[in-house]
Structures are given as structure tokens and as C-alpha cells.
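Trainee: I have just opened a model that I have never looked at before. Could you walk me through it slowly?

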Amino acid sequence: MTRAGHHASRSGSDHQVTRLRTRCPHCNAWARIRTSYVITALYTELRFECQNDACGHIWLASLEVLRTLCPSDTPNPEIQIPLRAQPAPSENAMAEPAAMRAAG
Ligand SMILES: [Zn+2]
């Protein structure tokens, strides 16, 4: 693993999301996040690239805040996240197909 090639020096250190990893749905090799697009405070789109040179798959995935497990001590009044203890969210939240956004 080479850390030297990490050039994520855009705006400080809040790029922890890029440490996430997932596997390529095609070849099951590890994939890396190349770019993250913050759509809203609760929804981020991630561009993954398969690390298997023979595959080369690049895709867009979504990262969505689902539930609060431990409440914030500095809550933002504009941010409303369901608590785990509450019943399931209303079906309004499920009506929108979040994965069907244009991939640019
Ligand atoms: Zn692949």
C-alpha cells in the first residue's frame, strides 16, 4: 500500500469517506473511491473504480444517512435524521428512487 500518492489536499481533512472500500459488483475485486460528490448533508454520491486492471469497471454509488444511533451534542436544526428508537420512517422517504440519478 502506497500512501505517498494520496493527494487529497483540497479542503482540509474531512475526506474520511474516501477510506471506504467496497467490492466490484462484476469481478469482486476491491474498488476505491476516486471522487465523492456531496449532494446534500445526508446524501453523498461516490465514484468507485475497480482496482482490477483486467476489469476497469467504474460506477457511481450512494452514501446516505439512515438513522442516528447516538445523538449529536451540537445538533443542526436543519438536519433531521430518524432516531433508531423511533418507528420506521414514513413511506414518503422511500418513494424517491435515490439511485436513479444521472451519472454525468
Ligand atoms: Zn471489477
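**A loop residue, then the sheet**

Mentor: Let us begin with His26, which counts as partly exposed because 13 other C-beta atoms lie within 10 Å; the scale calls a residue buried if 20 or more other C-beta atoms lie within 10 Å of its own, exposed if 12 or fewer, and partly exposed in between, with C-beta atoms placed from the backbone. This is a predicted model, in which local features need pLDDT of at least 70, side-chain atom pairs count only at pLDDT 80 or more, and totals for chains, interfaces and linings use all residues. Residues are numbered from 1 along each chain as its sequence is written.

Trainee: Where does His26 sit, and what is it in contact with?

Mentor: His26 lies in the loop between β1 and β2, and, leaving aside its neighbours within four places in sequence, it is in contact with Cys55 and His57. Contact here means that the C-beta atoms of two residues, placed from the backbone, lie within 7 Å. The C-alpha atoms of His26 and Gly56 are separated by 9.8 Å, and these two residues are 30 apart along the chain.

Trainee: What about Asn28, is that one buried or exposed?

Mentor: Asn28 counts as exposed because it has 11 C-beta neighbours inside 10 Å. It is found in the loop between β1 and β2, and its phi is near 70°, a positive value in a residue other than glycine.

Trainee: Okay, new topic: how many helices and strands are there?

Mentor: The protein has 0 helices and 4 strands, where helices (H or I, at least four residues) and strands (E, at least two) are DSSP runs, numbered from the N terminus.

Trainee: How many bridges join each pair?

Mentor: β1 and β2 (residues 30–40) pair over 3 bridges, and the bridge partner of Arg23 in β2 is Trp30. Between β2 and β3 (residues 43–50) there are 8 bridges, with Arg32 opposite Glu49 in β3, and these two strands form a hairpin with 2 residues between them. β3 and β4 are joined by 7 bridges, and Phe48 stands opposite Trp59 in β4.

Trainee: Where is Ser36 in all this?

Mentor: Ser36 is in strand β2, and it is partly exposed because 17 other C-beta atoms lie within 10 Å. Ser36 and Arg47 are 11 residues apart in sequence, and their C-alpha atoms are 6.2 Å apart in space.

Trainee: What share of the whole protein is buried?

Mentor: Buried residues make up 4% of the 104 residues.

Terms used
Two strands pair if DSSP finds at least two bridges between them.
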